[in-house]
Number of protein chains: 2
Amino acid sequence: MPTRFIALDWGTTSFRAYRVGDDATVLESLSAPHGILSVAVGAFDATLESHIGAWDVSLPILASGMITSRQGWIELPYVTTPANLTSIAGALHVHTSNRGRKIHFVPGVSTRGNDGMPDVMRGEETQVMGASKGGAEYFVTPGTHCKWINVDNGAITGFSTYMTGEVFSTLKNHSILGRLMTGDTHYEAAFEKGVRAALKDAGGFLHRIFSTRTLALFNELSHDELASYLSGQVIGTEIAHATANHPMGVRYNILASPALAQHYVSAMKLAGLQVQFSPPDVAVTGLHKIAANAGVIP
Amino acid sequence: MPTRFIALDWGTTSFRAYRVGDDATVLESLSAPHGILSVAVGAFDATLESHIGAWDVSLPILASGMITSRQGWIELPYVTTPANLTSIAGALHVHTSNRGRKIHFVPGVSTRGNDGMPDVMRGEETQVMGASKGGAEYFVTPGTHCKWINVDNGAITGFSTYMTGEVFSTLKNHSILGRLMTGDTHYEAAFEKGVRAALKDAGGFLHRIFSTRTLALFNELSHDELASYLSGQVIGTEIAHATANHPMGVRYNILASPALAQHYVSAMKLAGLQVQFSPPDVAVTGLHKIAANAGVIP
């Protein structure tokens, strides 16, 4: 099968490239820990060639993710919600690389919450375009910065970012709550105890997380269990707050692998939510749809 | 005036010693950044003598604070709520130092929240004993770990810890929210914008704090203003949650100097709370009352 285009999913901590044939078929892929934070200013072009230098320079490239952020290769303004395939594909920014590659950068999407605050995504919009089937859909991206995304007939209508993964790791590594933690094993009962405490939301986040310390002081959790408990507290807090603004009786589409999102999904189920998983490589499917919509590929 | 006893307020980050006369009069005081975290295991006695070696070894010493915690000199079990002067003074632990000083360690206080979770204090109970005048009283201790403390006729009946100061500094120094921050100036308007956003509590803490980044991306806050904004968000979150569990129409007694608690108090006032300040050295007054109640001093 001939290659139609090259897909780049270039985020904060990782670089992924795909040689893509018809119908978004992945013919070859590679990944490296060369996210934008590890690339020096001015070195994006050379980093790209170091990975895909052997691939045909005449192939169009579609690139999405934090690569279009202020810390990336080229900063693109956001497309605003509602954002669909047409508005995103219509805002591609073409850049010619040193070796003459045509790189079509995909912009991120911004929205405003009910409180008037801006919120942003770069990369998730491409995953959503790849995964969307039409009608009313609800997507969740677990991770460092989780996003809850509402989609209506293929258009992203609104979303909220939660700093869940980053707040957990920051508290674990840099606050007093991490001092008593030992081990890396996941303890499901301790995790669920944290989730349930958070779902009740007694006293608020800044108060509740202190129990990570006091339960250890009172020997009601072992030091080995504390990281799982705090993880449950933080993820449960996200879910409690997200479900105050998002519907309960729908099915949430998780944009992550079942293995990586395992604990996150168990917390969602504790909260009474229904979940399903999108297939892997939805980012490639999304870039394929965007490329076709923009006329970059037939 | 003769010295009646020596008061030690020995916390996590600082060491304070007072030579105290009649009626809790401070005759001499000294402080050093030798909190328990900076003292090696087994070195508490020597650290004490390095500071007060010149003071009469026959004087009784009253000591409170994190010095009685697991990381301190001697770990004492907590007195449980309701905790008053009699129950605290009745639980003093006497230790004789290498030079023969009699040190009366004051235990901390523990409670259980409505959710059954333990909460703890070490040192604040002594400040409350010093500041309490009787009747229904409400104390707040701003800082790394803020505490909201209910007191009834001199007895601590319940309290909640909020990890406000520590969460703010952890996010500022170790998360993406700190990346765009510049400068150390306080910007009152940005601070109040953060407080007001938190008091509305739209979307929950893990979501709202992300606006520290997006408001900068959209040039709606300058990089210089971001730390003040995040501080307002975190302090406002504490106040929003604390006032869900504590009464609104009362006067809160702030156990901190007006200068140090200035921004914290302006956030409380934005939330419609009334505040007053306790006099300085309430810890010394508290240790004096405890010493008298225990018969350590006449």
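1. Conventions. Residues are numbered from 1 along each chain as its sequence is written, while chains are lettered from A and ligands numbered from 1 in the order in which they are written. Because the model is predicted, local features need pLDDT of at least 70 and side-chain atom pairs count only at pLDDT 80 or more, whereas totals for chains, interfaces and linings use all residues.

2. Symmetry. Chain A superposes on chain B by a rotation of 180 degrees, with 0.0 Å of shift along the axis and an RMSD of 0.0 Å. That is the relation of a two-fold axis. A:Thr170 is the residue of chain A that comes closest to the axis, with its C-alpha at 3.4 Å. The same surface serves both copies: 100% of the contact residues of chain A recur in chain B.

3. Interface. Contact here means C-beta atoms, placed from the backbone, within 7 Å. Helices (H or I, at least four residues) and strands (E, at least two) are DSSP runs, numbered from the N terminus.

4. B:Thr237 sits in helix H8 (residues 226-245) of chain B. It counts as buried because it has 28 C-beta neighbours inside 10 Å. The scale is 20 or more other C-beta atoms within 10 Å for buried, 12 or fewer for exposed, and partly exposed in between, with C-beta atoms placed from the backbone. Leaving aside neighbours within four places in sequence, B:Thr237 contacts A:Gly204, A:Leu206, B:Ala198 and B:Phe205. B:Val195 is 42 residues from B:Thr237 in sequence, yet 7.5 Å from it in space, C-alpha to C-alpha.

5. Domains. Chain A is assigned domain 1 (5-132 + 279-293) and domain 2 (164-277). Their C-alpha centres lie 31 Å apart. The bounds come from an automatic or database domain assignment.

6. Six-stranded sheet. In chain B, an open sheet runs E3-E2-E1-E4-E7-E6 with mixed pairing. Strands pair if DSSP finds at least two bridges between them. Strand E3 (26-32) and strand E6 (93-96) of chain B are the edges, each pairing on one side only. Twist averages 20 degrees from one strand to the next. Helix H10 (residues 282-293) of chain B packs on this sheet, touching E1, E2, E3 and strand E4 (61-64), and its direction makes about 125 degrees with that of E4(B). Axes are lines fitted to C-alpha atoms, for helices over the stretch in contact, with angles from 0 to 180 degrees between N-to-C directions.

7. Other pairings. In chain B, strand E5 (residues 79-80) runs parallel to strand E8 (residues 109-112), joined by two bridges. E8(B) pairs antiparallel with strand E9 (residues 118-121) of chain B over four bridges. In that hairpin, with five residues between the strands, B:Gly116 takes a positive phi near 85 degrees.

Note on methods. Least-squares fit on C-alpha atoms with pLDDT ≥ 70 in both. Contact = placed C-beta atoms within 7 Å.
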